[in-house]
Amino acid sequence: MEVYCTRPGCPRPVNQFADLDNNVTLKTVQQKFCTTCGMPLILIGRYLPLKLLGRGGFGAAFLARDRYTPAMRQCVVKQFQPSGDLNPDQLQIALNLFEREGEVLEELGTKHPQIPDLLAFFELDVPRQTPGKADQFFYLVQEFIDGHDMEEELAQKGRFSEEEVLELLTEILKVLKFVHESGSIHRDIKPSNIMRRRDGRLFLLDFGAVKQVTAAAVGQPAKASTGIYSMGYAPPEQMAGSVVYPSTDLYALAVTCITLLTGKQPNELYDSYSNGWNWRAYAQVSDRLEAILNRMLLPTPSQRFSSADEVVEALSAPGRRSAAPPPPPPPVQPSPSPAPSPAPQRSAAPAPTPAPSSAASGQAHQPLAQSPSARPGFSTLELLGGAMFTGFEGGLLAIALFSLLGTTLVGAGAWIGLLGILVFAQARRWIEKVDLLVVAAATFGIIAFVPPLRSLGLIVNIGSPIPTVIVLAGLTALIAVAVTTLFRLVYKLLSTLL
């Protein structure tokens with residue numbers, strides 16, 4: 001049986017013990033020690049770490065077995081392991097967050113079926129190899145959710161459909177309603193913190209950043225927030241270290257939804273020039289869901305939905321007009337000065353910044369995708385790929401049209417018109433990525449293999465039809481790439497000079 005050493009930095013953490021394959025020995029042995037560093041492996045004589053699940057934030061997570069249960073059930077053991085060089089104040093904040101996660105799981109996990117239960121929380125003092133010194137470790141044991149988080153699910157199957165996002169949105173709103181009404185704010189909603197168990201049930205994880213609401217009502221602001229958040233998902237008030245609200249979680253949930261709908265990271269969807277989200281061009285959703293998500297994404301807390309219940313009502317309201325009524329204008333007041341953030345940020349992706357013009361405006365932002373100027377630009381790789389596709393497709397169309405119509409004005413006009421349609425479709429992103437390969441392969445197959453069009457490949461006497469088609473289309477593709485590259489270089493040069 002393999003047992004995993006939880007000491008940070010152990011060079012060979014995987015230990016093999018043949019005697020533990022026997023269940024009687026497994027349940028009765030007092031202790032096992034790492035053969036490399038001497039770390040006790042059976043934590044407090046009860047939990048056997050089997051493998052590393054992952055590291056991040058302030059700790060590491062291990063899959064473990066509980067020897068004190070008849071079936072030795074699986075569980076998750078989290079160890080406090082702050083990463084990076086932290087000063088004493090930051091280290092204490094990190095430890096407080098770890099302990100807070102245990103407290104919140106103990107309070108909320110047993111009361112809601114979609115929050116993992118806390119099973120144990122303990123401290124372990126382990127002697128170092130240097131005599132007279134000891135290492136101190138903190139552990140949290142929670143219910144094991146057997147499944148995949150939304151980040152893994154997105155990587156496996158690609159973009160979510162509107163129906164799938166609506167299911168996730170509805171289920172997580174139920175959990176947030178319970179969390180908020182219990183006097184807490186999660187503050188770290190993101191795809192990796194939403195888990196789908198094998199039976200389909202969704203769970204909200206990682207309550208290490210949760211903030212207790214100290215005001216009398218949940219709808220009222222709490223005290224200033226510490227600088228713990230996942231960049232890209234946190235709203236402006238959280239990034240500024242200001243007060244947080246239930247709508248802070250709703251903002252992060254909306255960012256989670258648009259990343260799942262589009263398959264893109266937040267920094268790819270946020271337009272820092274206009275301080276707004278530009279996601280609609282990448283997703284096929286109804287106007288109602290678009291309006292709801294856009295309101296959840298507004299930069300000012302008072303302009304968003306104020307509670308999870310309000311979002312649920314908007315989702316269930318019939319008709320597009322009543323789905324997301326315009327928010328009331330916020331009171332004009334001085335903005336709170338940002339508080340310094342002593343704690344480290346959880347990720348390094350770019351994140352939105354507050355829009356100064358929207359803080360005192362009572363009007364909701366319109367979807368940016370409706371504005372042609374807000375349409376996302378093309379990277380250099382996308383431009384060259386599009387040029388290669390256009391050139392290859394242009395070569396195929398030239399073979400077909402000039403063979404059928406001859407080198408006449410009609411043939412040339414038809415060829416130019418079809419190329420124009422292809423370029424326009426790419427510019428509007430009606431066809432992109434895999435679509436380009438599918439269209440090119442389909443056109444090539446029709447010209448090269450379908451009688452009587454196969455004979456069109458004989459217009460140039462350099463061999464059989466298929467090599468002829470490939471050579472001509474390949475040459476036009478290379479020419480298109482070369483011309484595009486030249487124009488791109490000239491454009492960059494002129495932009496630099498002017």
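This report describes the fold, the nonpolar cores and selected local features of a predicted protein model.

## Basis of the model

The model is predicted, with local features requiring pLDDT of at least 70 and side-chain atom pairs counted only at pLDDT 80 or more, while totals for chains, interfaces and linings use all residues. Residues are numbered from 1 along each chain as its sequence is written, and side-chain values use heavy atoms, with hydrogens and water left out.

## Overall architecture

The protein contains 13 helices and 14 strands. These elements are DSSP runs numbered from the N terminus (helices: H or I, at least four residues; strands: E, at least two). Of the 498 residues, 46% are buried; buried means under 20% relative accessible area, exposed means over 50%, and partly exposed lies in between (1.4 Å probe, protein chains only).

Among contacts (heavy atoms within 4.5 Å) between residues at least 6 apart in sequence, 61% join residues at least 24 apart.

## Nonpolar cores

A nonpolar core is a set of buried Ala, Val, Leu, Ile, Met, Phe, Trp, Tyr and Cys residues joined through side-chain atoms within 4.5 Å. The largest one has 56 residues, and those with the most contacts inside it are Leu168, Leu253, Trp277, Trp279, Leu293 and Met296. At least two residues of this core come from each of helix H2 (88-109), strand S7 (134-143), H3, H4, S11, H6, helix H8 (287-296) and helix H9 (308-316). Helix H6 supplies the largest share of this core, ten residues.

Leaving aside residues up to four places away in sequence, Leu293 touches Ala254, Cys257, Ile258, Leu261 and Trp279. A second, separate core of 28 residues includes Met39, Ile42, Phe137 and Tyr139.

## Helix H6

Helix H6 has 17 residues and spans 25 Å from its first C-alpha to its last, close to the 24 Å expected at 1.5 Å a residue. The expected span is 1.5 Å times one less than the number of residues in the helix. Because 17 of the 17 residues of H6 are buried, the helix is largely enclosed by the rest of the structure. Just after H6, Gly263 adopts a positive phi of about 75°.

## Helix H3

In helix H3 (residues 150-157), the buried residues are Met150, Glu153 and Leu154. They lie on the same side of H3, because they cover an arc of only 100° around the axis; the arc is that of the directions from the helix axis to the C-beta atoms. Ala155 and Gln156 are exposed on the other side of H3. The buried residues of H3 pack against strand S8 (147-149), helix H4 (162-181), strand S10 (194-197), strand S11 (202-204) and helix H6 (246-262).

At the start of H3, the backbone nitrogen of Glu151 has a side-chain oxygen of Asp149 within 3.0 Å. Just after H3, Gly158 takes a positive phi of about 90°.

## Gln114, a buried polar residue

Gln114 is located in the loop between H2 and strand S6 (118-127), and its relative accessibility is 6%, so the residue counts as buried. Its side chain forms a polar contact of 3.0 Å with the side chain of Glu171. A polar contact is a pair of N or O atoms within 3.5 Å; within protein, one must be able to donate a hydrogen and the other to accept it, and residues adjacent in sequence count only if both atoms are side-chain atoms. The side chain of Gln114 also reaches the backbone oxygen of Leu202 at 2.9 Å. Not counting residues up to four places away in sequence, Gln114 touches Glu171, Val175, Arg201, Leu202, Phe203 and Leu204.

## Buried loop residues

Arg187 lies in the loop between strand S9 (184-185) and S10 and counts as buried at 3% relative accessibility. Asn275 belongs to the loop between strand S13 (270-271) and strand S14 (276-277) and counts as buried at 14% relative accessibility.

Pro13 is found in the loop between strand S1 (2-4) and strand S2 (14-16). With 16% relative accessibility, Pro13 counts as buried. Pro13 touches Val3, Tyr4 and Cys5, not counting residues up to four places away in sequence. The C-alpha atoms of Pro13 and Thr36 are 7.5 Å apart, although 23 residues separate the two along the chain.
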